[in-house]
Amino acid sequence: MKANSILALAVCALLMPLKSFAQEVTITVTNDEKCQRQEVVEVDADAVFQKLGLAKDGKFIVKNALGQEVGYQLTYDGKLLIDASVRPCGSAVFTVKPGIPQPMKVFVTGKQYPERVDDIAWENDRTAYRVYGPALQRSGERAFGVDVWLKNTPDLEVSKRYATELGNHSQIEALKAAGKTDEAFQVEIATTYHFDHGYGLDCYKVGPSLGCGAPALMDGKELILPYCYASYKILDNGPLRFTVELTYNPTEIKGDKNVVEHRIISLDKGSNFNKAVVWYDGLSKARDVAAGVVVHAEDTESVVLGKNFVQYADPTDNPSKQNFQIFVATLFPEGDVTTTKLMSKKPANGIAGHAVGVLKNYKSGNRFTYYFGSAWSKNDVRTQREWQLRIDEFLEALATPLHVNVK
């Protein structure tokens, strides 16, 4: 190539306009419904990064329409989360621009507690949950499903509860060994998370059941209950969403000797409901799978079966002394289940049966998505009728999502 041709190409390259990036990006969240909406919305994070010319680890700030900086979260699956409040038939506008964000308040978090037989517990500003781990299974204790921990505070409490509960076990046992049973009881009643000290407690009975929202393969009308998780990976850990992936030990079902259950569970700020995505590997043919809530012998009447939900007013582990209810539910927004009660002919351990949604002819590897959650009559949902309203509005919100536009 001649020298003058090379020079001409170089001049053209210099004259070509450089790709320009936006100084800020506008995110508009629109509500088409005639009711107030408050929920965590998902934005395509890559779209925001590309418009701002930021690398995926680039720092940025999100502000609301008043110019206030608001917290956000980037998720493992490429979403930018923003907690949006939107008026009926209105819009909320957020701006995003490069910068160093202020420290964000954490509303949702979770972790494994190896000091408590490998529990994985997580919470948001409404309630808390836990699943049981390998150390508990090795102990022989039969606790299978999802546990509910009640809260009546938006503050994060679970780690403090574990620390207080476990930190006093040795003192209580020493007092008992010394014959000081009254003193031991006073220490226990002052520190155990099984009593309410003004911010909630653990009084939900799980045992060999689904608890609140666990899945199970079925053999006819019998639930093949899962035991404890074998391994886990925390994918998101606040400030607006917690996500954990659980893998369970292989089990044998009708000649299939290596059936493995997988769950991805996520919980958002402000929500009474966890999202569960469940799948099984190793099934040689289609089988039925269910998810639902345990029904306890103290109250077998407070069960409501809807077309796409089951809900129950649980009486707690001591109804006459607690005198409150734990509202639980499992929701099936895809409407692909049959809801039913599976009651035991011989109730044991206080477990009378289950209220479940049954997905027929599930095929190995397919994803089964549903929601499960809870509320407390001493907190934000006072009656079962109010709980039903919360369920109805949540299902309606899933069916009519907020619209998110990025410019």
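**Note on the predicted model**

1. The protein exposes about 19,900 Å², of which carbon and sulfur atoms supply 51%. This is a predicted model, and the points below should be read with that in mind. Of its 407 residues, 48% count as buried, and along the principal axes the C-alpha atoms fill a box of roughly 100 × 55 × 45 Å.

2. As for secondary structure, the protein has eight helices and 25 strands. When contacts between residues at least 6 apart in sequence are considered, 68% of them join residues at least 24 apart.

3. As a general point, nonpolar side chains tend to be buried together in soluble globular proteins.

4. Which residues is Trp122 in contact with, leaving aside its neighbours within four places in sequence? The contacts are Thr109, Gly110, Thr127, Ala128, Tyr129, Arg130, Val131, Phe242, Ile265, Leu267, Asn274 and Phe372.

5. Helix α8 covers residues 384–399, and its length can be checked: at 1.5 Å a residue, its 16 residues should span 22 Å, and the end C-alpha atoms are 23 Å apart, which agrees. Gln384, Trp387, Gln388, Ile391, Phe394, Leu395 and Ala397 are the buried residues in α8. These buried residues pack against β2 (37–44), β17 (273–281), β19 (303–305), β20 (309–314), β21 (326–331) and β24 (368–376).

6. Asp147 is found in strand β10, which comprises residues 147–149. Is Asp147 buried or exposed? With a relative accessible area of 1%, Asp147 is buried, because the cut-off for that class is under 20%. Not counting residues up to four places away in sequence, Asp147 touches Ala128, Tyr129, Arg130, Tyr132, Asp202, Tyr204 and Val206. The C-alpha atoms of Asp147 and Ala121 are separated by 9.0 Å, these two residues being 26 residues apart along the chain.

7. Some details of the backbone deserve a look, given that most residues other than glycine have a negative phi and that most peptide bonds are trans. The peptide bond from Gly238 to Pro239 is cis, with omega near 10°. Pro239 has its place in the loop between β13 (229–237) and β14 (241–248).

8. Val117, although not a glycine, has a positive phi of about 45°. Val117 lies in the loop between β7 (109–113) and β8 (119–123), and with a relative accessible area of 26% this residue is partly exposed.

9. Asn323 is another residue other than glycine with a positive phi, here near 60°. The loop that holds Asn323 runs between α7 (319–322) and β21, and at 65% relative accessibility Asn323 counts as exposed, because the cut-off for that class is over 50%.

Definitions and conventions:
Residues numbered from 1 in each chain as written. Predicted model: local features only at pLDDT ≥ 70, side-chain atom pairs only at ≥ 80, totals over all residues. Heavy atoms only, no water. Helix = DSSP H or I, 4+ residues; strand = E, 2+ residues; numbered from the N terminus. Buried < 20%, exposed > 50% of the residue type's maximum accessible area, 1.4 Å probe, protein only. Contact = heavy atoms within 4.5 Å. Areas by Shrake-Rupley, 256 points an atom, 1.4 Å probe, with all protein chains shown as cover. Expected span 1.5 Å × (residues − 1).
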